Amino acid sequence: MSTWRRLRASLRAAEGLIRSRRQAPIPGHETWCRSLSTGGSLRNDFFKDLEAQLSAMRKKARDALPGSSWSPLELNPNLPPERADIVVVGGGVMGWSVAYWLKQKERIPGGLKVVVVEKDPMYSQASTVLSAGGIRQQFSLPENIHLSLASADFMRNINEHLDVLNEEPVDLQFNQSGYLFLASEKVAHIMEENYSTQRQAGAKVSLLSPAQLKDRFPWINTDDVALASYGLENEGWFDPWTLLNAFRRKAMSMGVIQCCGEVTDFKYTVNVMTNLAGDHVDFRRIKSVRVQMPNSLEYQPVECAIVVNAAGAFSGKVAGMLGIGSGPKDSLAGIALPVEPRKRFIYVVHCPDGPGLDTPFLIDYSGVYFRREGLGGNYIAGASPEEAEEPDVSNLEVDHQFFEEKIWPSMAHRVPAFEKLKVTSAWAGFYDYNTFDQNGIIGMHPLINNMYFATGFSGHGLQHSPAVGRAVAELILDGNFKTLDLSRLGFGRILAQEPMMERNIV
Amino acid sequence: MSAPLTFLQRYFRRSALLLVARRPWSSSSQSSLPPFHTRLLLYLTQRFYDVEMLLSWRSKLKRRGVQKKNAYYSYTERFYGSNLATAYFILNLKGGFRYAGQPDWFRADRKGRFSWDFMNHKDTPIEDVDMSYTVFNYTGLNNLEGQQSLRTLSLRGCPEVDDWFLARLHMFQDSLEELDISHCPRITTGGLAALRNLKGLKRLDMSSLPRISTPGLVIILLEEMLPQCKITATGYDHSLREEGGEEEQKNHLQGQR
């Protein structure tokens with residue numbers, strides 16, 4: 001390399017000499033010199049061409065030597081590899097968490113080839129980056145509480161897990177402000193039962209009476225509040241984009257292959273067996289995943305051993321490609337994956353007289369929630385609409401009437417200071433809504449032998465993602481759950497039609 | 001054989017400080033290049049897996065060392081009671097404490113030696129704790145969990161105290177009156193919001209916290225959040241600075257004209 005540099009330097013010096021000689025003619029001589037002598041300009045071009053030709057020669061020599069990526073066939077470098085061990089469909093926080101934990105738990109370095117397929121590298125419709133970013137332990141199902149506690153532990157030690165050598169440490173911008181749930185008379189007993197479940201599972205929550213609530217947060221209107229549940233520790237909100245990028249950076253540093261493309265089809269083999277009643281049951285095994293390149297007809301079939309469905313709001317479509325749900329209605333094959341996208345709005349409001357630094361993530365019993373955003377008097381508010389009034393999911397347009405009609409009155413009723421506020425911005429995102437019981441589905445499908453699901457979290461996927469990633473990696477690599485037993489969150493409850501509803505009042 | 005090893009060792013020791021201190025020189029100071037040995041180590045890390053592995057082992061071992069120092073003293077607690085276990089833990093970390101009702105402080109000197117007189121007061125709770133410049137962290141709070149009458153806690157200059165630690169201080173919410181978290185490099189605004197639970201706090205010292213970006217505003221919000229608390233916050237530069245963005249805007253407008 002240094003020889004080339006020396007050659008270039010000498011060339012430049014020679015060029016400079018020639019130029020300086022040419023630039024010292026007598027004035028008046030110039031035009032005469034230029035029109036008659038063509039030799040000088042040719043010599044100049046010759047040296048410029050020489051430099052270009054030498055650099056082309058250097059590039060050819062570099063490509064010819066072993067270790068270069070030149071090949072005589074013109075291949076698209078964006079295609080995924082032809083074979084992989086595990087293909088993760090979906091590059092949101094759940095998909096990258098699964099990929100990271102798979103690589104973390106592989107016992108031989110480089111033993112697993114993991115490919116993460118994400119159809120939208122800009123994450124314009126991904127639920128991860130459009131979420132409010134909160135984490136809480138105030139659930140009614142013990143599994144959910146344990147998942148949140150484990151994820152909070154992960155985030156506390158995030159630099160131990162996701163630190164890459166010579167890169168900046170991860171800063172999640174975690175606001176330790178806690179969640180505050182308010183209950184009316186009718187649902188106060190549910191809140192008390194939930195409180196004892198949460199305490200037993202190890203969450204640090206406290207119950208507040210209306211008087212204590214008013215004492216602690218004087219800006220709340222406690223007229224119709226019977227009981228409040230307040231998280232003391234491990235609860236708050238953080239930046240989801242940072243978490244996603246931290247997972248992605250660490251996973252890619254460990255060798256996970258990222259692919260930008262869309263999964264359009266699966267190739268599978270069918271094993272037909274007969275059950276006791278005499279019906280035929282199809283057991284499918286995925287042989288390869290067809291990944292279509294964006295804006296192109298090119299596709300690559302990726303042969304794989306295991307597929308993880310972490311496609312979030314679009315997991316139902318992916319499952320439909322395998323024929324889940326397209327069998328006779330009263331059989332196992334007829335039960336579709338009950339996950340569909342539901343649109344939710346978040347509005348950014350500015351209220352200069354609003355509550356200060358100690359504003360928790362407040363969730364009213366009417367379903368309206370808000371939290372502080374930054375230090376400048378901005379707040380983020382939203383609510384879940386009624387079943388009958390679900391907005392259209394074909395786009396991500398925001399309905400501002402919803403804020404005026406449903407959210408603002410409740411907010412102003414709960415916090416009188418919010419009567420004077422201004423909506424500065426709003427966005428919409430999809431929930432991967434589990435229409436069955438609004439809780440996550442983690443595990444294998446009984447009819448597909450090698451597909452694992454990690455989807456359907458209906459609004460609390462982000463806060464459970466580190467722990468769910470670990471659980472799925474344990475399922476795949478260890479065969480069973482090791483740290484947290486999430487077998488109740490598997491497919492069994494859907495096939496037996498026994499919903500495990502979250503009894504939280506919202 | 002030993003000469004190149006000592007050569008490498010010296011580089012590891014100096015660069016490990018930089019890695020642990022975690023100041024990203026690549027983004028902050030573009031003009032000044034990092035010192036030669038750092039650049040050499042980075043060059044070697046990018047080319048040799050062994051160097052990368054050794055450096056990552058170095059940081060993992062350091063973290064493990066800190067965790068070991070903060071481990072839960074269950075053995076001491078089982079045989080001598082929780083107060084003595086807490087006292088022993090504090091002295092082992094080179095901190096200091098004072099029993100309730102006793103005027104003297106028990107401290108360990110710089111070499112870590114301390115007198116065993118603290119064993120005489122078996123059932124006295126601890127009132128004041130000084131853990132300045134120690135490696136006290138979140139796991140170490142397990143050892144202080146039972147202390148219901150802790151009045152002052154000084155965490156000045158502790159490199160391992162972060163936002164999660166501050167959130168866990170809620171276990172002292174009834175008794176804690178004085179808290180000193182100045183010069184802690186890991187505390188950010190999100191952690192200061194966790195101090196809302198300490199309703200009995202009378203004095204808070206939050207001077208020279210490097211990771212707070214808008215100290216003036218944060219101090220005002222904290223004063224609103226904790227009305228009975230007297231907040232000391234020195235070491236911040238509250239002067240109005242012209243931002244780089246404003247300069248560019250001005251030039252842009254002039255260019256347009």
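1. In which hand, left-handed or right-handed, does α2(B) cross α3(B)? In this predicted model, the crossing of α2(B) past α3(B) is left-handed. Helix α2 of chain B covers residues 36-47 and helix α3 of chain B covers residues 49-69; their axes lie 5 Å apart, at an angle of about 115°.

2. The residues that bring these helices together may be named. From α2(B) come L41(B), L44(B), T45(B) and R47(B), which meet Y49(B), V51(B), E52(B) and L55(B) of α3(B). By class, the residues of this contact are five nonpolar, one polar and two charged.

3. Turning to the two chains, the contact involves 27 residues of chain A and 32 residues of chain B. About 2,700 Å² is buried between chain A and chain B, with 59% of that area coming from carbon and sulfur atoms. Of the area that chain A buries against chain B, 26% is supplied by Q176(A), L357(A) and L375(A), more than by any other three residues.

4. Two salt bridges are counted between chain A and chain B. R63(B) forms a salt bridge with D163(A), in which the closest N and O atoms are 3.5 Å apart.

5. On the side of chain A that touches chain B, the elements giving two or more residues are α5 (142-156), α6 (158-162) and β6 (227-231) of chain A. Among these, α5(A) gives the most, with three residues. The residues on this side of chain A comprise nine nonpolar, eight polar and 10 charged.

Notes. Residues numbered from 1 in each chain as written. Chains lettered and ligands numbered in written order. Predicted model: local features only at pLDDT ≥ 70, side-chain atom pairs only at ≥ 80, totals over all residues. Heavy atoms only, no water. Axes fitted to C-alpha atoms, helices over the stretch in contact; angles between N-to-C directions. Helix = DSSP H or I, 4+ residues; strand = E, 2+ residues; numbered from the N terminus. Left-handed = near helix turned anticlockwise from the far one by under 90°. Contact = heavy atoms within 4.5 Å. Nonpolar A, V, L, I, M, F, W, Y, C, P; charged D, E, K, R; others polar. Buried area = accessible area lost by both parts, 1.4 Å probe. Salt bridge = Lys/Arg side-chain N within 4 Å of Asp/Glu carboxyl O.
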